[in-house]
Amino acid sequence: MNKRLSVTIFLGLAFILALIWRPAAGASIKDTESASHGDEASSYQIVNTYQYPSYRLVQLTLGVLSHYSYMLISGGQALVVDPGRDVFAYLDLAKKENLKIKGVFLTHNHADFVAGHLELAKAVDCPIYASAKSGDQFPHQSLQEGSKIEVGDAVVKILETPGHTPDGLCGLVAPKKHPDQPNLILTGDVLFIGSVGRPDLMGGTASAAALASQSYDTWTRKLSKLPDDLNIFPAHGAGSLCGAHLSDEPTSTLGAQKVVNPYVKHKTRGAYVAAVLEGLPEAPQYFKHNAALNQKGPELVNWQEAPVQKKPDQALTNPGRFYVVDVRNAKEYAAGHIPNSVNIAVRGRLETWVGIMVPWGSNLVLCGDPKELKEAVHRLHRVGYRAEVVTPEAWKKSKLPLEKNELIKPKDLYTQMQTPDSPVVVDVRLSSEWMGLRIGTVVNLPLNHLAELAPAKLDPEQRVVTVCNSAFRSSLAVGILERLNFKKVASLDGGSEAWIAAGLPTFGPEARQPAAAAPAARPAPAPAPVPKRDIKLPERLSPAALNRLLLDLPNTFELVDIRPPEAFADYHLPGSRNADIVDVMSSPAYLAGSIPLILVDRDGSLAMAVGGILSQKTPRPIKVLHGGLEAYWTDSVLKGAVKETPISGDTPGRVQPSPPAPAPGGPPAAPAPGPAPAPAPPKKKSAGC
């Protein structure tokens, strides 16, 4: 079986499963939240080591913060790029390989974490390299356009690249022997894989639109002019709130980003600025404080210091005085917790959620087992939070009250939702998640706004059940509502993942009512009609219809050719661009936007399968060229498209002028759009031809 046929069969099966196997597909729901619940996500991991002729680049990731940092290594020396505050991973690698850390390079003042520049400078007595425009208040060597940092046999040439922040820098890395032939670029938060840095994190010191305009100049005047084969290494990946729609790919090339990055495709300043500002996730309140800490110079941390124990006291239940965060899992929290505490489990994005929910400067107290508390205190230093600790055992020994809440099983909640006194179900995910999948008729109050929305939207005397994807956020929501004096709050055990795994519907409780028991003396009622299924399919475009769009409505759609690059180079439609089929299926860039996405391939088979998969994921109009470029070539180039060619049923006659001879090796390039040829008298054909 040839490779292309295998891919076709695979895509066809994937498309069918996406349509008919809803429970299994839903059970595998994963977001960047649930993907970061493993042990590895909370510690620095080496993604890969990239070897170049004169140096190598080690890429490290910290999953809970979606943070990439780097060690550029050459000739026994290392340059650490954008390090996190707990710098042990860099020191351990340097010790293991007998490296001398030459310095620390900061691409900008980060907002989502406290950087480790001063920690490293103290540990190994190395310089810190930062932008001359950063306003940094700690000792550093200032960098500007054209500055260079030498590391063994490698050299880093600095580009000033404002946009995300005014002080943004990129580093072009090349061998010393060929300094004008860079292999890679360290882009910080200026350019991500599939996105660009958001421009609205400066806290009023610069307008978002002004910075977005600078980002446009950075791309059009500098980055886009660099070689297409340049490898890109950013400071963040999917899940980071420093941008929108980031890819989970750790690296890419500049040429690939020109094709797939939806932001850099905008050719005018106004369109670029509007695209960058549209749809940004809300920035956590701690961002501005971290940015200020990084600029001032963070205090050094005594990482060996034991957590400060807080004496159990009834005052801890007062939400006006303390913010108590229980770092145990949802089941342990539900079984008994300090009243008015919130559950932010240590196995998850602890740093980010504390930064979102806990006001900066709060009297923060953590509750959990000693091992969890030690880890939590360590990790919260990454985002600038200090905390005291208390254990559940110490609280119980003091005979202080405990609050309990129910973790309700999916089938039990489904049954309760059919009763007249059903609870109010509150989905605390983002609106975009809620619109994509619901467990019924529920209200959406996003977690980051729950405290302000709940008093106006909900009745504290009614029973409330909170829901998210995995129960991490819904358990946190229970505590938020308890702090608002809600007394009857439960959480869906396992979240919507468990709901779908249990085979329960996702289109509302009224759509599939359980069959009621028939009264003894009456015949059973007629069964309720089975609800209609809304199956989204891509629209099929005939060659003639696509030809009219090309002639009459250019620039109103995105035309993507998923054939191999060599086939695209041989012949392609005007205005189309080539993209790898795997990228089209996996990159969120193709899900965003309001203009239609039109997919073309050789014969329409692969494009239809890919279009079917995308149609299940996005409300964006997805269209497919029926019959592929073979049909387009035959109908619109060789024969001249003067009549609409239906995609099913009878086919009316079409003009068939004498076709020109194909060019050697394949069809010639499509002619530039122009007036359609004058129609000749149609020839009759049998129906269905």
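Colleague: How does the span of α16 compare with what 1.5 Å a residue predicts?

Modeller: The 12 residues of α16 should span 16 Å, and its end C-alpha atoms are 18 Å apart, which agrees. The expected span is 1.5 Å times one less than the number of residues. Helices here are DSSP runs of H or I with at least four residues, numbered from the N terminus.

Colleague: What should I know about the model itself?

Modeller: This is a predicted model: local features need pLDDT of at least 70, side-chain atom pairs count only at pLDDT 80 or more, and totals for chains, interfaces and linings use all residues. Residues are numbered from 1 along each chain as its sequence is written, and side-chain values use heavy atoms, leaving out hydrogens and water.

Colleague: Is α16 enclosed or open?

Modeller: Largely enclosed by the rest of the structure, because 12 of its 12 residues are buried. Buried means under 20% relative accessible area (1.4 Å probe, protein chains only). Among them are F472, L476 and R483.

Colleague: Which backbone oxygens lie by polar atoms of the R483 side chain?

Modeller: The one of P319 lies 3.3 Å from such an atom, and the one of N340 lies 3.4 Å from one.

Colleague: Switching topic, how much of the protein is buried?

Modeller: Of its 689 residues, 51% count as buried.

Conventions. A polar contact is a pair of N or O atoms within 3.5 Å; within protein, one must be able to donate a hydrogen and the other to accept it, and residues adjacent in sequence count only if both atoms are side-chain atoms. Buried means under 20% relative accessible area, exposed over 50%, partly exposed in between (1.4 Å probe, protein chains only). Helices (H or I, at least four residues) and strands (E, at least two) are DSSP runs, numbered from the N terminus.
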